[in-house]
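Open the model in your viewer and keep the sequence panel beside it. This tour moves from the whole chain to single residues, one selection at a time.

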Amino acid sequence: MNDTVTTPKTRTKIKVERPKLHKVILINDDYTPREFVTMILKAEFRMTEDQAYKVMITAHKLGACVVAVFTKDVAETKATRATDAARTKGYPLLFTTEPEE
């Protein structure tokens, strides 16, 4: 008779957690021209003319508007690049990021 004991192999499933997402927010100001804001939105966030205009008008009316949602690194990079582009032209345009809930 055979005295071997067999035990089943166990597999552990690794669950990869999705990265936390962050919102890029456009803060309205009274000095940056609307055309410049739409140009930045089109260039940095790859929006169409219509999308950029709607985001700009929403920020103008409400004081702020969510532009897009990205992973933390991408959101911070895009917000910084857009803000820096405005600063080089002398405008106080501001983009910020915050975690998505």
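What share of the 101 residues in the protein is buried? Buried residues make up 31% of them. Keep in mind that this is a predicted model.

**Stop 1: the whole chain**

Show everything as a cartoon. Trace the chain along the sequence, and the elements come in the pattern β-α-α-β-α-β.

Now zoom out to the overall dimensions. Along the principal axes, the C-alpha atoms fill a box of roughly 90 × 25 × 20 Å. The radius of gyration is 23 Å, whereas a compact globule of 101 residues would have one near 13 Å.

Next, turn on contacts. Take those with a separation of 6 or more: residues 24 or more positions apart account for 71% of them.

Switch to a surface view. The accessible surface comes to about 7,900 Å². Carbon and sulfur atoms hold 53% of that area.

Color by charge. There are 17 positive and 14 negative side chains. The centres of these two sets lie 6 Å apart.

**Stop 2: strand 1 at Leu21**

Select residues 21-27. This is strand 1, and Leu21 is in it. Is Leu21 buried, exposed or partly exposed? Its relative accessible area is 36%, so Leu21 is partly exposed.

Display what surrounds this side chain. Setting aside residues up to four places away in sequence, Leu21 touches Val69, Phe70, Thr71, Pro99 and Glu100.

**Stop 3: strand 2 at Ala64**

Jump to residues 64-71. They form strand 2, which includes Ala64. Ala64 has 31% relative accessibility and so counts as partly exposed.

Which residues is Ala64 in contact with, leaving aside neighbours within four places in sequence? They are Ile25, Leu26, Ile27, Thr58 and Ala59.

Draw two C-alpha distances from here. To Asp29 the distance is 9.3 Å, across 35 residues of sequence. To Leu21 it is 19 Å, across 43 residues.

**Stop 4: helix 1 at Thr38**

Select Thr38, which lies in helix 1. Its relative accessible area is 8%, so Thr38 is buried. Now bring up its partners beyond four places in sequence. Thr38 is in contact with Glu49, Ala52, Tyr53 and Met56.

**Stop 5**

Move on to charged pairs. How many salt bridges does a search of the whole structure find? The search finds 6.

Select Glu44, Lys78 and Arg81 together. These three are linked in a network of salt bridges. Begin with Glu44 and Lys78, whose side chains meet at 3.9 Å, N to O. This pair links distant parts of the chain: Glu44 sits in helix 1 (residues 34-45) and Lys78 in helix 3 (residues 72-88), 34 residues apart. Both Glu44 and Lys78 are buried.

Then go to the other bridge, between Glu44 and Arg81, at 3.4 Å, N to O. Glu44 is in helix 1 and Arg81 in helix 3, so this pair ties together parts 37 residues apart in sequence.

Why does Glu44 count as buried? Its relative accessibility is 10%, and the cut-off for buried is under 20%. Arg81 counts as exposed because its relative accessibility is 51%, with exposed meaning over 50%.

**Stop 6: the loop at Arg46**

Step to Arg46, in the loop between helix 1 and helix 2. Check the backbone here. Most residues other than glycine have a negative phi. Arg46 is not a glycine, yet it has a positive phi of about 55°. With a relative accessible area of 73%, Arg46 is exposed.

**Stop 7**

Finish with Lys54 and Asp50. Their side chains meet in a salt bridge of 3.3 Å, N to O. Where do the two residues sit? Both are in helix 2 (residues 49-62), and because they are 4 residues apart there, about one helical turn separates them. Asp50 counts as partly exposed, at 46% relative accessibility.

Note on methods
Residues are numbered from 1 along each chain as its sequence is written. This is a predicted model: local features need pLDDT of at least 70, side-chain atom pairs count only at pLDDT 80 or more; totals for chains, interfaces and linings use all residues. Side-chain values use heavy atoms; hydrogens and water are left out. A salt bridge is a side-chain nitrogen of Lys or Arg within 4 Å of a carboxyl oxygen of Asp or Glu. Buried means under 20% relative accessible area, exposed over 50%, partly exposed in between (1.4 Å probe, protein chains only). The radius of gyration is taken over C-alpha atoms; the globule rule is 2.2 Å times the number of residues to the power 0.38. Contact means heavy atoms within 4.5 Å. Accessible areas come from the Shrake-Rupley method with a 1.4 Å probe; for residues, only the protein chains shown count as cover. Lys and Arg count as positive and Asp and Glu as negative; His and the chain ends are not counted. The place of a charge is taken as NZ of Lys, CZ of Arg, CG of Asp or CD of Glu.
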